[in-house]
Amino acid sequence: MPKRPPPNAFRVLGRAPVAETRRIVEILRTETVGGFLLVAAAVVAVIVANSPLREGYETLRDTAVGYAPWHLNLTLGQWAADGLLAVFFFLVGLELKREIVAGQLRSPRTALVPVLAAVGGVVVPALIYLAVNRGGPGAGGWATPTATDIAFAVAVLAVVGSRLPAALRLFLLTLAVVDDLIAIVIIAAVYTEQVQWVPLGLAAIPLAVFAFVAHRYSDWLAGQGWTAWAVLLPLGIACWALVHASGIHATIAGVVLGFAVPVHRGDLAHRFEHRFRPLSAGFAVPVFAFFAAGVTLGGAAEIAATFTDPIALGVIAGLLLGKPIGILGATWLTVRLTRSSLDPSVRWSDLAGVALLAGIGFTVSLLVAELSFADAASLMHAKAAILLASTVAAVGAGAFLARQNRQYAVSGSARPADIP
């Protein structure tokens, strides 16, 4: 018989407070809709890129607009990656701060499992990618298979997992938030070639004013719908433009601005989430996916060349093997070494399904690929591998979790009431 944990053992992945659970459910519902839009945009992009409309698609993506003296003469594809994704990363920063202040990351005991699981889910895919590309020209793309796409993953979970424990959704969201934080650090540290210190220093001015106004007048900003747009939005745009001019990827500005919003009283942060999450999930991320996912497959010979390239093989192995091995292995080691136990509502097989689901890289993986590969062929191979691996992960994890869901439904052990 398996050894029972001590009666006083700390249980991980338990239920969150009711208010926190309701907030998480609201987020996940928005991300679920966004996930379907994301997939639809990517499918349209692939179809268009392999049709007679390909030339028009590429012309549109590569059309440059903006003011060159301010370093803002960008293509529409770059505007989507640098500008629209800043909205997505703003919400990442906001959610990260909320988790640290009042969520799963507030307590070291509850934060330990999702944090180490996220770290494992980054380190193992990177090591697998490097093992495949060791000494080759694609070794610099090691960060490509390290990200998890929360919107895509949540959409799959919503379709197949209505009876699964609510704690799994919370674990997936917390894992993805920490995963995104690691991706942000990687983007800032690895993909910044040269920093222009003058614009970076100037960016601190609108950031400081943004933080001061958001904290000092949070009740006023939350109570008057137009004030945040009139006061904080120009400050945010100025900070973003200066960070972009500094040479640091402009999405970092979105994270920092999100972290500057006060969450201790909740009204302003909640209003920002309510306003910006539909914009991010319904427009910003799908538009980025449309411009980033337009992979030209070509004929059988070209497809064979794509998926025999070590870059593609490393990405596929990293997402499909490295992600689940890293997440599940780190979780198991953490529980084992800390002498804790899983909450009775969660089974190891449930976590295995979520770990498989985390192999959906997509949005951030596509962004990292664009930063990693200057060569057009290598970039195309990396993107094709991301799309293939994410699709396989979605289908495989979806089938596995659907089986788990049926078992909960038959046994009657699931507690859908956990989700208000």
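Me: Which residues does Lys383 touch, not counting residues up to four places away in sequence?
Reply: This is a predicted model, in which residues are numbered from 1 along each chain as its sequence is written, and local features need pLDDT of at least 70 while side-chain atom pairs count only at pLDDT 80 or more. Totals for chains, interfaces and linings use all residues, and side-chain values use heavy atoms, with hydrogens and water left out. Contact means heavy atoms within 4.5 Å. Not counting residues up to four places away in sequence, Lys383 touches Ala292, Val295, Leu366 and Glu370.

Me: Is Lys383 buried or exposed?
Reply: Lys383 is found in helix 16 (residues 376-411), where helices (H or I, at least four residues) and strands (E, at least two) are DSSP runs, numbered from the N terminus. A residue is called buried under 20% relative accessible area, exposed over 50% and partly exposed in between, with a 1.4 Å probe and protein chains only. Because the relative accessible area of Lys383 is 7%, Lys383 is buried.

Me: How many of the residues of helix 15 are buried?
Reply: Helix 15 covers residues 363-372 and is mostly covered. Its buried residues include Leu366, which is also one of the residues that Lys383 touches. In helix 15, the number of buried residues out of 10 is 8.

Me: What share of the residues in the protein chain is buried?
Reply: The secondary structure of the protein chain comes to 16 helices and 4 strands. Of the 420 residues in the protein chain, the buried share is 53%.

Me: What is the average pLDDT of the protein chain?
Reply: pLDDT is the predictor's confidence in each residue, from 0 to 100. In the protein chain, 90% of the residues score at least 70, and the average is 84.

Me: At what angle do the axes of helix 3 and helix 10 cross?
Reply: Two packed helices are described by the angle between their axes and the distance between the axes. The axes are lines fitted to C-alpha atoms, for helices over the stretch in contact, and angles run from 0 to 180 degrees between N-to-C directions. For helix 3 (residues 76-102) and helix 10 (residues 251-259), the axes come within 6 Å, and the crossing angle is roughly 30 degrees.

Me: Which residues does Thr251 contact, leaving aside its neighbours within four places in sequence?
Reply: Thr251 is found in helix 10 and counts as buried, because its relative accessibility is 1%. Thr251 is one of the residues through which helix 10 meets helix 3. Leaving aside its neighbours within four places in sequence, Thr251 is in contact with Ala81, Asp82, Leu85, Ala86 and Phe89.

Me: Is the crossing of helix 3 and helix 11 left-handed or right-handed?
Reply: The axes of helix 3 and helix 11 come within 9 Å and cross at roughly 145 degrees. A crossing is left-handed if the near helix is turned anticlockwise from the far one by less than a right angle, and right-handed if clockwise. For helix 3 and helix 11, the crossing is left-handed.

Me: Why is the pair of Phe90 and Phe276 called tilted?
Reply: Rings of Phe, Tyr and Trp (its six-membered ring) pair if their centres lie within 6.5 Å, and planes under 30 degrees apart count as stacked, over 60 as edge-to-face and the rest as tilted. The two ring centres of Phe90 and Phe276 are 5.4 Å apart. The pair links Phe90 in helix 3 with Phe276 in helix 11 (residues 267-292), 186 residues apart. The pair is tilted because the planes stand at 55 degrees.

Me: Which residues form one aromatic cluster with Phe90?
Reply: A search of the whole structure finds 11 aromatic pairs. Both Phe90 and Phe276 are buried. The residues that form one aromatic cluster with Phe90 are Trp229, Phe272 and Phe276.
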